[in-house]
Amino acid sequence: MRCVKFLTHITKKSALLHYRSLTAASFKYDDLQETLTDKKQEKPDPNNLLFGHNFSDHMLKVEWTSSDGWGKPIISPLTNLSIHPGAKCLHYAIELFEGMKAYRGVDDKIRMFRPFENMKRMKSTADRAYLPDFDAEELVKCMKKLLQIDREWVPYSTKSSLYLRPTFIGTEPTLGVTKSASALLYVITGPVGPYYPTGMNPVTLLADPQYVRAWPGGCGNFKMGSNYGPTIKISAEADKKGCQQVLWLYGDDHQLTEVGAMNLFVYWINEQGEKELVTAPLDGLVLPGITRKSLIELAKKWGEFKVTERSYTMAEITKALNENRLKEMFGAGTACVVSPVVVSPGR
């Protein structure tokens with residue numbers, strides 16, 4: 001069996017104890033059950049992958065009920081879910097998900113990118129959705145085993161990776177806006193290429209203040225499907241205008257928050273003459289992205305320019321652009337990694 005290692009950035013014992021302290025009764029990796037498929041799928045060409053169109057042979061599932069707590073984690077062949085039409089996730093959006101990636105290195109070892117950061121965010125979103133808590137370390141162990149079983153699905157390529165989609169849904173078959181008395185946590189995986197058809201080419205944005213993605217006190221800083229569904233039509237409007245994505249603005253001063261489903265960064269010469277990388281703060285309007293956090297940490301470590309998390313407005317962007325101080329703008333996220341934005345007057 002090939003070695004499977006994980007780039008976790010959570011190596012200190014104190015950090016793991018911190019995660020354990022946040023957990024309630026949970027499923028355990030030691031109880032994991034496996035049923036493997038005897039009908040493996042043909043794997044797609046890693047150099048011609050569409051994002052989210054291919055899935056690996058197996059999935060992980062764990063059920064929970066308010067009466068019995070967590071069941072045993074099960075790895076089984078990928079299959080459709082059987083769910084009651086009255087399930088709360090279908091009516092009241094009691095559901096959430098995460099987006100993670102695993103990469104095959106040039107040394108042929110497989111590494112997940114900062115999985116405990118995703119687990120921290122997933123647990124926070126589960127709390128907001130009033131879904132049960134779980135032990136982050138136990139889920140990472142289970143996902144590690146899933147990767148070991150489907151390791152040949154991790155592309156032998158530097159242009160693609162394996163995407164992991166942990167998902168958590170309320171499954172109680174009753175109508176009524178109340179906490180779900182049953183839930184299902186599952187993980188599916190699949191090889192992916194670039195998120196956008198344009199690849200790493202710069203994207204153009206539609207910035208229209210009549211459309212708002214998130215607001216103070218809402219749930220825009222949690223990774224819930226209900227944050228994404230309402231944006232699809234607006235993305236279609238952007239496409240009609242020749243733009244690839246939507247630049248989400250907020251407030252009367254038109255604060256820049258996110259771009260599409262990505263965190264947004266601006267690199268410019270600020271009005272004090274300093275080189276500066278700016279991104280919106282974690283004040284409830286933007287998702288606390290793992291790629292966002294990583295870029296901020298790297299930039300601070302480099303020490304080559306100022307790094308600032310603050311609110312900034314379209315007026316500031318326009319002024320900087322007119323004064324030739326705006327150098328770069330880009331989106332960042334797990335799916336797209338880093339996506340350049342077209343920056344030019346008149347757009």
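Biologist: In this predicted model, how many residue pairs are in polar contact between domain 1 and domain 2?

Modeller: There are 9 residue pairs in polar contact between domain 1 and domain 2, counting pairs in which both residues have pLDDT 80 or more. The side of domain 1 that touches domain 2 draws at least two residues from each of β5 (95–97), β6 (100–104) and α3 (115–128), and α3 gives the largest share of that side, with 6 residues. Sorted by class, that side of domain 1 holds 8 nonpolar, 4 polar and 7 charged residues.

Biologist: Where along the protein chain do domain 1 and domain 2 lie, and how many residues does each bring to the contact?

Modeller: Domain 1 covers 29–192 and domain 2 covers 205–340, and each of them brings 19 residues to the contact. The C-alpha centres of the two domains are 28 Å apart.

Biologist: How should I read the size of such an interface, and what area is buried between domain 1 and domain 2?

Modeller: The size of an interface is often expressed as the accessible area that is lost when the parts come together. Here about 1,600 Å² is buried between domain 1 and domain 2, and carbon and sulfur atoms give 59% of that area. On the domain 1 side, Phe 97, Arg 121 and Arg 128 supply 37% of the area buried against domain 2, which is more than any other three residues supply.

Key:
Residues are numbered from 1 along each chain as its sequence is written. This is a predicted model: local features need pLDDT of at least 70, side-chain atom pairs count only at pLDDT 80 or more; totals for chains, interfaces and linings use all residues. Side-chain values use heavy atoms; hydrogens and water are left out. Domain bounds come from an automatic or database domain assignment. Contact means heavy atoms within 4.5 Å. Buried area is the accessible area (1.4 Å probe) that two parts lose on being put together, summed over both. A polar contact is a pair of N or O atoms within 3.5 Å; within protein, one must be able to donate a hydrogen and the other to accept it, and residues adjacent in sequence count only if both atoms are side-chain atoms. Helices (H or I, at least four residues) and strands (E, at least two) are DSSP runs, numbered from the N terminus. Ala, Val, Leu, Ile, Met, Phe, Trp, Tyr, Cys and Pro count as nonpolar, Asp, Glu, Lys and Arg as charged, and the others, Gly among them, as polar.
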